[in-house]
Amino acid sequence: MGNVIKVSGTKIKNQTEVFHIKKGRIGTNRGFYYFYLQNSIDSSAMMYTCFLSSAGDGLAELVDLRNVVSELGSEIDFLTDVPLETAVCIKEYERDMLPQDEHLFHDVRAEYIDLVGIDWKLVPGQKERRHTDEERVLLVGYGRNAKTSYIVVKAFSFLPLTLFVKKLVDYGNKYSISVSSERNLRLMELYVYRIRRKSEKTPEYCKSLLHNTLKETYFNFFVECFKKIDVYGYIYQDDFESIKEKYEGKATKKEVLDRHFVPYRRQRIKNKKQELLFLSSEVANISGIHTIDQYVYSLRAEEMVYYQELWFEDFVGEMICKNDISPFKLKQIDSGDTYNFFGDGKENHNREIDHLLCYEKDGNDRVIAVECKKTLSHSNVKNTNKKNVERIIKSGKQVIDAFFYIGCFINNDLLLDRSIGGVGKYKTGVLGDGLDVQRPYYVFQIEDIRSSVEKMKWFLKDIFDNW
Amino acid sequence: MGKNLSQQECRSMFSDRFATLSMKEIGSELQHFRKGTAPENPSHLVNQVEAKAEIQKRFNSFTDENGGNAEIIFLHGHYGNGKSHFIRSIYCFLSRYENVNTRVVTLKSSGENFFRIILACISQQKIRECARFIYSEAVNLTGGNDTAELTNTIDEKYGLNAVQANLVIDIANSGDIERQSKAIAILKNNYLSSYLKDYGLKKGDLDDGFYMNVVSIIALYLQKTDQYLVAVFDEFEHVFSWGDKERKRLFSEIKYFTDYINQLGRMMFIFAITDSVEWTIEKDDPALWSRIKGETCFINKIESTRDARALFQMILKRYEKYHNIMLQDYSDDILERVDNSLRDENELNYRIYTQKMMYELDRYREELYKGKNQHDKRDTLGNGNVENLRQEKSSDGEWIKWRQSSSVSRKTLIADWIEKMIVLLGGRLIKNSRRRGEIFFFYRDLEYHAYEAYTDYPSIGSFNSKLSEINETEDYVQVLIIYPKFEGEITNEVKYRTVLYNESSLHLFLDSLYQPNEKDLDDYLNYLSAGIE
């Protein structure tokens with residue numbers, strides 16, 4: 001059984017519009033109105049505290065905090081005429097509840113509270129959508145101590161909570177009131193939609209490969225070798241020697257260049273139907289070989305599997321974490337998790353995101369979803385766009401601000417038609433054309449680490465300025 | 001710290017904010033245009049010159065430093081012609097200012113009291129600030145906190161009666177959030193009956209005069225603190241669905257209000273009304289009409305081709321930026337399609353035009369995209385080089401490519417077109433360095449070195465910079481500089497032949513490459529420069 005709230009007083013505005021009594025009408029006579037929440041309340045997910053401060057004495061008393069709430073916009077209105085004392089509410093309505101019951105007031109750490117209703121018809125883009133009871137009501141509490149004033153919000157859905165906090169922040173910006181919080185609301189909401197964490201971990205024996213590819217001076221060496229491996233599965237000995245010669249120098253050490261690529265004996269085995277290519281690492285003594293082209297170089301088996309399956313995602317994640325992209329600060333990175341933004345449990349709405357980044361600048365956040373593809377092509381960009389539209393944009397949840405598609409190699413059929421002077425090329429577009437939610441995407445290649453970081457900085461600036 | 005509204009600031013009320021729009025804002029506007037609804041925060045209001053001028057005039061008077069006047073404006077217009085757009089433009093503009101309190105009011109319930117409506121526009125915060133202001137002044141005057149003395153002082157100085165003074169003192173000083181909230185509710189005429197007992201009041205004590213007094217004191221406070229209140233009443237025509245008795249009472253209250261308008265220097269009320277043949281204020285209440293007809297301005301219908309073009313250009317600018325596409329050259333074609341599609345419509349308004357324009361822009365973009373895809377496929381086969389250009393029968397495909405290209409690619413395209421020109425002239429190519437923009441060739445026994453460039457932001461500075469990169473020492477070489485036209489004139493002496501092009505002349509030049517007439521180099525360069533040299 002959910003919570004029942006009894007609020008005394010004769011006037012709760014538009015009661016029948018805001019609260020829908022689901023299991024029979026509990027009572028509207030004698031001036032009491034009730035609402036009944038069907039679903040259990042996960043208090044920890046929906047409690048949010050905003051700390052307010054201003055230069056003058058505009059927030060001197062609790063009534064000033066209430067007045068701030070009254071100014072947030074016509075879509076946010078009090079359902080209670082005067083604020084209720086929290087201790088009185090606990091005493092009156094929760095005295096007889098059992099410890100295991102869901103409590104409404106116990107955890108609201110504020111001296112006075114109001115019930116606040118949201119009129120979604122007045123919110124842009126929400127007029128046509130049907131809203132649940134949980135989306136139409138908030139508990140808002142006011143508190144002060146010697147150091148600070150705060151507004152506590154207890155919400156039963158992220159939609160009204162996000163609206164309320166955004167309005168509060170906008171109000172603060174206009175009237176020079178600082179509004180801050182210890183928790184990141186965007187991330188709170190994102191995690192509600194997360195259904196699965198990443199299970200694979202980078203094997204210990206492959207960390208060395210990852211670590212060496214992340215070094216600026218070695219990156220291009222590895223990429224050249226990988227390019228060959230992607231085509232043939234191995235590198236011819238003289239090609240490998242040429243590549244090493246190109247990169248061997250003060251900043252690169254031979255032992256590192258040699259560490260990951262081992263020689264294999266290449267044999268062609270013919271039978272009646274086909275020719276098989278066979279690589280064997282049984283090379284006892286290279287000096288006993290008579291012809292060079294019998295030997296090729298490739299990654300060790302376990303590193304090859306890692307390279308094919310996990311390396312590039314790990315590489316991108318580590319590159320992002322290790323490089324400073326000031327003035328944008330990386331607040332959070334979550335890798336390989338699966339989300340369902342529709343919250344409907346349908347498999348075809350699940351979306352695995354290679355990396356979810358939260359960047360902050362001047363108190364504002366942006367969340368970027370990163371897709372890593374070792375080789376980017378026109379078709380995989382098109383397919384990724386389609387998935388992002390179907391599984392993220394169309395959910396209507398405005399939790400992701402932009403998308404990055406990052407590749408190590410670029411197929412000929414993909415045209416990166418824009419350029420950032422001196423840094424490199426990229427492609428961009430907008431997802432959700434014609435829909436209410438639209439978001440930009442940026443496609444680029446990692447040609448080297450430095451320029452990739454510069455590109456990300458440029459894109460983040462565009463996202464923060466324009467989206 | 002927010003800005004303050006002033007007469008100077010009001011001049012930019014209807015300026016086009018396109019330059020400051022983020023992509024998200026542009027996308028949102030375009031989405032509204034598709035649906036035929038007003039954007040939440042409109043960036044530009046096209047046409048409506050007279051209405052805008054009238055509103056600006058009223059705001060000039062309202063924000064006059066020497067004592068502005070309170071204003072009432074009735075904004076009339078027919079369905080779909082941009083009333084909401086107008087109101088939101090004004091509202092959103094004013095909302096940016098810290099010293100302007102803005103409200104949009106929709107008259108939903110029948111029989112609403114006008115003073116209650118006005119007081120609903122005044123926030124609880126403002127009532128509290130006003131109370132603290134009055135209280136603070138009274139304390140300074142009396143030198144103490146004695147309630148009786150304070151009450152008398154407030155009465156003398158502000159003309160508030162004892163009840164009103166006590167309410168003010170409670171709001172400012174009681175420290176009890178419940179008591180303060182109740183007192184504010186009484187002053188806002190939004191109270192429960194039970195609150196009146198605390199102040200020994202009866203409902204009859206709280207009449208129009210009581211609330212007119214409250215409104216006046218708020219107006220005084222706004223004046224002393226350099227603040228404004230602007231309330232916009234949207235869909236005012238709803239009053240015509242009220243009963244006669246309620247509507248007449250409302251009109252009577254508005255008339256009463258207008259008698260005291262001069263006391264309300266810092267308040268402005270804008271009423272937006274959709275006109276109808278069935279009901280007008282003039283027919284319904286001639287007395288009210290006679291008082292307010294001087295305060296009326298009209299939103300015009302879309303009636304001329306010029307109006308339609310202005311609307312289209314506003315939408316096009318945003319569309320082009322958002323979709324990174326150039327459609328200006330196709331304007332006539334698109335507008336023709338719009339006009340054709342509207343031929344059978346009985347009633348034309350801005351909404352219908354806006355929706356149709358968006359529809360045709362979307363269609364055009366899709367057609368161009370399909371055309372580009374066809375072209376890209378050919379490019380993949382032929383590597384997009386001059387050989388392919390030779391095989392094309394018209395310049396359309398190349399121009400589509402130009403439209404879709406980045407500045408880097410455009411430089412390459414120009415190089416390819418110049419190379420085609422050399423082939424058509426029967427010249428001999430020496431080198432075509434597309435990346436450097438250097439095309440060297442022989443033509444009629446002379447050696448030419450052409451240096452071409454493309455930039456989105458040509459300027460005299462960038463042109464001079466380009467010149468400085470050129471190091472030609474041989475007298476026999478004919479040097480050509482091909483550069484985008486920029487603002488201003490070439491000030492330094494340029495010893496090379498310079499051809500400045502713009503998009504139109506470039507298109508002409510491209511077309512000339514597909515026309516069979518005999519031409520020489522000067523002919524082609526004349527197309528390219530189109531008279532600018």
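## Salt bridges across the model

Let's start with a count: searching the whole structure turns up 60 salt bridges over all chains. Keep in mind that this is a predicted model. The idea behind such pairs is simple: side chains of opposite charge can pair when their charged atoms come close.

One of these pairs sits within chain A, where the side chains of A:Arg66 and A:Asp114 form a salt bridge with an N to O distance of 2.6 Å. A:Arg66 belongs to helix H3 of chain A and A:Asp114 to strand E6 (residues 112-118) of chain A, so this pair ties together parts that lie 48 residues apart in sequence.

## Where chain A meets chain B

How many residues of each chain are in contact with the other? On chain A there are 39, and on chain B there are 42. Together the two chains bury about 3,400 Å² between them, with carbon and sulfur atoms giving 43% of that area.

One to look for joins A:Asp433 to B:Arg365, with the closest N and O atoms 2.5 Å apart. As for polar contacts, 14 residue pairs between chain A and chain B count, both residues being at pLDDT 80 or more.

Which elements of chain A give two or more residues to the side that touches chain B? They are helix H3 (62-70), helix H5 (158-174), strand E19 (418-420) and helix H13 (449-466). H3(A) makes the largest contribution, with seven residues. Sorted by type, the residues on this side of chain A come out as 15 nonpolar, nine polar and 15 charged.

## A parallel sheet in chain B

Now over to chain B, where five strands make an open sheet in the order E2-E3-E4-E1-E5, with parallel pairing. At its edges are strand E2 (100-106) and strand E5 (296-299), each pairing on one side only. Going from one strand to the next, the twist averages 20°.

Strand E1 (residues 71-77) of chain B runs parallel to E5(B), and four bridges join the two. If you'd like to trace a bridge by eye, B:His76 has B:Phe298, in E5(B), as its bridge partner. Two helices go with this sheet. Helix H3 (residues 49-62) of chain B lies across E1, E3, E4 and E5 of chain B, at about 170° to E1(B). Helix H4 (residues 83-95) of chain B packs on the sheet as well, touching E1, E2, E3, E4 and E5 of chain B, and its direction makes about 155° with that of E2(B).

## A mixed sheet in chain B

Chain B also has an open sheet with mixed pairing, built from five strands in the order E6-E7-E8-E9-E10. Its edge strands are E6 (428-433) and E10 (497-501) of chain B, and each of them pairs on one side only. Here the twist averages 15° from one strand to the next.

E6(B) pairs with strand E7 (residues 438-443) of chain B in the antiparallel sense, over five bridges. So where does B:Leu429 find its bridge partner? Look in E7(B), at B:Phe441. Helix H23 (residues 521-529) of chain B packs on this sheet, touching E7, E8, E9 and E10 of chain B, and its direction makes about 45° with that of E10(B).

How values were computed:
Residues numbered from 1 in each chain as written. Chains lettered and ligands numbered in written order. Predicted model: local features only at pLDDT ≥ 70, side-chain atom pairs only at ≥ 80, totals over all residues. Heavy atoms only, no water. Contact = heavy atoms within 4.5 Å. Buried area = accessible area lost by both parts, 1.4 Å probe. Salt bridge = Lys/Arg side-chain N within 4 Å of Asp/Glu carboxyl O. Polar contact = N/O pair within 3.5 Å; in protein donor to acceptor, adjacent residues only side chain to side chain. Nonpolar A, V, L, I, M, F, W, Y, C, P; charged D, E, K, R; others polar. Pairing = 2+ DSSP bridges. Axes fitted to C-alpha atoms, helices over the stretch in contact; angles between N-to-C directions.
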